[in-house]
Amino acid sequence: MPGLIGLLQPNSISSETTYAENYRNICQELENRPRFQILHQSAHCGISLLERDHGPETGQPFTHDLGFCALYGHCYDRRSGLPVTSEGFVKFWMEQGSSVLDHLEGAFHVAMLDFKSGVLRLINDRVGIIPWYYHQSAEGFSFSPRLRYLSRKEQTWDPAPGAVVNFLSVGHY
C-alpha cells in the first residue's frame, strides 16, 4: 500500500542513534522500490513517500519558511471542484485552520511539520479511504499505510475487535 511513511523522535531523547537506526531500517526495506523517495529528513523527523509501482504520481512535497507539508493522494476543494496541492493545502490551513477539512474531498493523507514548534500533524481524508497506521512509544512516533513499515521494537498487537471488523468490512486486507 503506497502513501506517506515517517518517524518522529521526541527532542527529549538525547541519542539520535535510535531515530537514525529506526528510520534507516524503514528506508532500507523500501529503497529498492522504484518509486520510493525521502521527502524530508532532519535530526528528529523523517518523512518518505512510497508511490504505486504503476500509475500516476500523487505525492506532493512542499517546504516553506514555517515548515514542511506532504500530501499523498487526490484532494479536491469541494467548493471549487479543483485539485488541492501541498502548497494549496498549506495556504488554506494558514487562512482557515482545521475548518479547511470541511471543504476537502478525495482519498488522501497529509503530513505537516511545523519547524518552530516541532508539531507534526497527520491528516487523513474524512472517510479514511487510504489506511494509515501509527505507533507511539517512548522512542518516538511512526506512521505508515502498512503495519510492517511502522518503527517499533515490540511486535505485539492487541487490536480492538470492533476495529478489526471495520477494517475487514471496507476491504483493507
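This short talk covers the salt bridges in the predicted model above.

Some ground rules. Residues are numbered from 1 along each chain as its sequence is written. Because the model is predicted, local features need pLDDT of at least 70 and side-chain atom pairs count only at pLDDT 80 or more, while totals for chains, interfaces and linings use all residues, and side-chain values use heavy atoms, with hydrogens and water left out.

Side chains of opposite charge can pair when their charged atoms come close. Here, a salt bridge means a side-chain nitrogen of Lys or Arg within 4 Å of a carboxyl oxygen of Asp or Glu. The search of the whole structure gives 4 of them. I will go through some.

Start with R79 and D77. Their side chains form a salt bridge, N to O, at 3.1 Å. Are these residues buried or exposed? Buried is under 20% relative accessible area, exposed is over 50%, and partly exposed is in between, using a 1.4 Å probe and protein chains only. D77 is buried, at 7%. R79 is partly exposed, at 46%.

Next, R78 and E105. This salt bridge is 3.5 Å, N to O. R78 sits in the loop between β5 (67-77) and α2 (86-96), and E105 in strand β6 (residues 104-114), so the pair ties together parts 27 residues apart in sequence. Helices (H or I, at least four residues) and strands (E, at least two) are DSSP runs, numbered from the N terminus. R78 is partly exposed, at 48%. E105 is partly exposed too, at 30%.

What else does E105 pair with? R126, with the closest N and O atoms 3.8 Å apart. R126 lies in the loop between β7 (120-124) and β8 (133-137), 21 residues from E105. Shared partners join R78, E105 and R126 into one network of salt bridges.
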